[in-house]
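Work through the exercises below with the model open. Each task is followed by a stepwise solution.

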Amino acid sequence: MNSSILTKIATIVLTALLSLTVYGCSTTSVSCSKSDDTKLIHEKTFTASPGDHISISPAGGDIKVTSWGKNEVVVKVYGNERAKELLTFTAEQSGSKITVKLEPGKGSHMNGVRVRCEVMVPEKFQVSGNTAGGDVSVEQIEGSINLNTAGGDIRVVKINGSVEVNTAGGDISIRQMKGNISANTAGGDVKVSEAEGDVIVSTAGGDVKIAGKNGKIEANTAGGDIAIHYEGDNNGISASTMGGDIDVRVPSSMKADVKLNTMSGSLSVDVPGSVVQSKERNRISAQLNGGGREISCNTMAGDISVKTK
């Protein structure tokens, strides 16, 4: 794993720790699951236009954003009595931006707080979300998405636009995506499916699965397997793991220069039209259909295969 990826993961962890310090809680001190003791405690509606932006920061709670066919934004906060008692709710609109915050009082302890923020927005919208300890879900949006959580999972579905997501302690799932993706987790798996565009992902402690087309692919993990199923034009594929296998599936017609390296494992290139240029114990160089952009795969302790779908 290169130094820039390690730096990015370290930054995610540091940001998470700072968030937890600000909110005076650990990732386990705020419970965000739906339960019998949560109810609607705040609600606010705004008139909005397609392309506007919303920023959501619910302390350590969950975030759920979905679209509808109205030029309105509806914000609903569900929580238990302790959440209602300790958290100050603000929702303000300034020009094209709506800002939603849930903030604890100074010195408040968040133990026992249960809270989640559910938001409806127009289909064309920009969404930013930051939470110190909850899960984040965004679905069916045409616009840019930026999400950060210090201790939860991230789920993104049916997005037409760029996506940047970061979590210090959870899994990332992205599917039915048209646009470029940047996804980073310091402690979970990353799964991207039905994606069109560039996909750049990294994890310090999990597996990576990518199914995409017509974009550059970069996948890095410090402790898991990588599986890449790719369609369309070759825009470059790079995969690196410190301790797992790498499996790359490509169309039989793909043109590429292939470079595979492992310290301890087997290497194979099984694509019609492939020509092995050099082969050593721990290294293979080959061309697919006369060569093209590079497919580069590296592992410290695992097998690497490049084959057709």
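Predicted model: local features only at pLDDT ≥ 70, side-chain atom pairs only at ≥ 80, totals over all residues.

**Exercise 1: The largest nonpolar core**

Task: state which members of the largest nonpolar core touch the most other members, and which strand gives the largest share.

Solution. Start with the core's 73 residues. Ile54, Val73, Ile174 and Ile228 touch the most other members. Next, sort this core by element: strand β8 (residues 113-122) provides the largest share, five residues. Then check burial, which means under 20% relative accessible area. Eight of the 10 residues in β8 are buried, so the strand is mostly covered.

**Exercise 2: Partners of β8**

Task: determine in which sense β4 pairs with β8, and in which sense β5 does.

Solution. Take β4 (residues 62-68) to begin with. Its pairing with β8 is parallel, over seven bridges. Here Lys64 stands opposite Glu118 of β8. Now take β5 (residues 72-79): six bridges join this strand to β8 in the antiparallel sense. Lys76 stands opposite Glu118 of β8.

**Exercise 3: Confidence**

Task: locate stretches where pLDDT is under 50.

Solution. Begin with the whole protein: mean pLDDT is 90, and 88% of residues reach 70 or more. Residues 12-29 stay under 50, with 31 contacts beyond four places in sequence in the model. Residues 31-35 are also below 50, with 16 contacts beyond near neighbours in sequence.

Key: Residues numbered from 1 in each chain as written. Heavy atoms only, no water. Core = buried A, V, L, I, M, F, W, Y, C linked by side-chain atoms within 4.5 Å. Buried < 20%, exposed > 50% of the residue type's maximum accessible area, 1.4 Å probe, protein only. Helix = DSSP H or I, 4+ residues; strand = E, 2+ residues; numbered from the N terminus. pLDDT = per-residue confidence, 0-100. Contact = heavy atoms within 4.5 Å. Pairing = 2+ DSSP bridges.
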